[in-house]
Amino acid sequence: MMRAMSSSLLLSAVRRAHASAQPPRLTRFALHPPKAVEVEFSDGSNFNLPAEFLRVYSPAVDSKIRTIGGEKVISGRRHVGIMSAEPVGNYGVRIIFDDLHKTGIYTWNYFYHLGANKFTLMRSYIKLLKKHSLSRDPQRRK
């Protein structure tokens with residue numbers, strides 16, 4: 001009896017932990033071209049995600065991305081703009097940027113992750129650029 005009760009309590013705790021690990025439900029998506037996307041979630045979180053940030057953290061597996069020492073490095077995107085967004089099923093959007101990048105599908109869960117970790121991720125991005133002597137600004141044409 002004690003063993004059965006313990007396993008049911010454990011199962012209940014695991015279910016609660018799993019449910020709380022799920023990101024909140026998206027309640028609002030607003031595209032503010034060319035500069036940002038705004039997302040709001042059922043827990044009241046509201047995130048304004050700039051185009052540069054979204055472009056740098058695109059979930060696309062893109063062979064055109066520069067790697068240095070095995071690290072994915074995207075530089076020169078400070079002024080990138082968002083041209084449009086297309087729905088993908090009921091779970092996300094494909095964002096089309098003015099540098100013609102359009103292969104990343106941003107799920108609602110990924111938007112929540114980006115918003116909740118925006119400052120840490122941006123700081124990491126800037127450190128990575130500095131480490132490789134790169135800039136957020138586009139290279140000047142000669």
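The predictor's confidence in each residue is expressed as pLDDT, on a scale from 0 to 100. In this predicted model, the protein chain has a mean pLDDT of 85, and 80% of its residues reach 70 or more. Among the elements, helix α1 (residues 2-21) has the lowest mean pLDDT, 52, whereas strand β3 (residues 46-50) has the highest, 98. Where pLDDT is low, the predicted coordinates should not be read in detail.

Because the model is predicted, local features were required to have pLDDT of at least 70 and side-chain atom pairs were counted only at pLDDT 80 or more, while totals for chains, interfaces and linings use all residues. Residues are numbered from 1 along each chain as its sequence is written, and side-chain values use heavy atoms, with hydrogens and water left out.

The secondary structure comprises 4 helices and 8 strands, taken as DSSP runs numbered from the N terminus (helices, H or I, at least four residues; strands, E, at least two). From the N terminus on, the order of these elements is α-β-β-β-α-β-β-β-β-β-α-α. Of the 142 residues, 33% count as buried, where buried denotes under 20% relative accessible area, exposed over 50% and partly exposed the range in between (1.4 Å probe, protein chains only). The accessible surface comes to about 9500 Å², of which carbon and sulfur atoms contribute 56%. Of the contacts with a separation of 6 or more, 49% are between residues 24 or more positions apart.

A search of the whole structure finds 6 salt bridges, each defined as a side-chain nitrogen of Lys or Arg within 4 Å of a carboxyl oxygen of Asp or Glu. In one of them, D99 pairs with R77, and the closest N and O atoms are 2.9 Å apart. D99 lies in the loop between β7 (92-97) and β8 (105-107) and R77 in the loop between β5 (71-73) and β6 (82-88), so that the pair links distant parts of the chain, 22 residues apart. D99 is partly exposed, with a relative accessible area of 28%, as is R77 at 23%.

A salt bridge also joins D137 and R78 (2.6 Å, N to O). Because D137 is in the segment after α4 (118-131) and R78 in the loop between β5 and β6, this pair ties together parts that are 59 residues apart in sequence. The side chains of E86 and R94 likewise meet in a salt bridge (3.7 Å, N to O), and salt bridges that share partners join R55, R77 and D99 into one network.

Conventions
Contact = heavy atoms within 4.5 Å. Areas by Shrake-Rupley, 256 points an atom, 1.4 Å probe, with all protein chains shown as cover.
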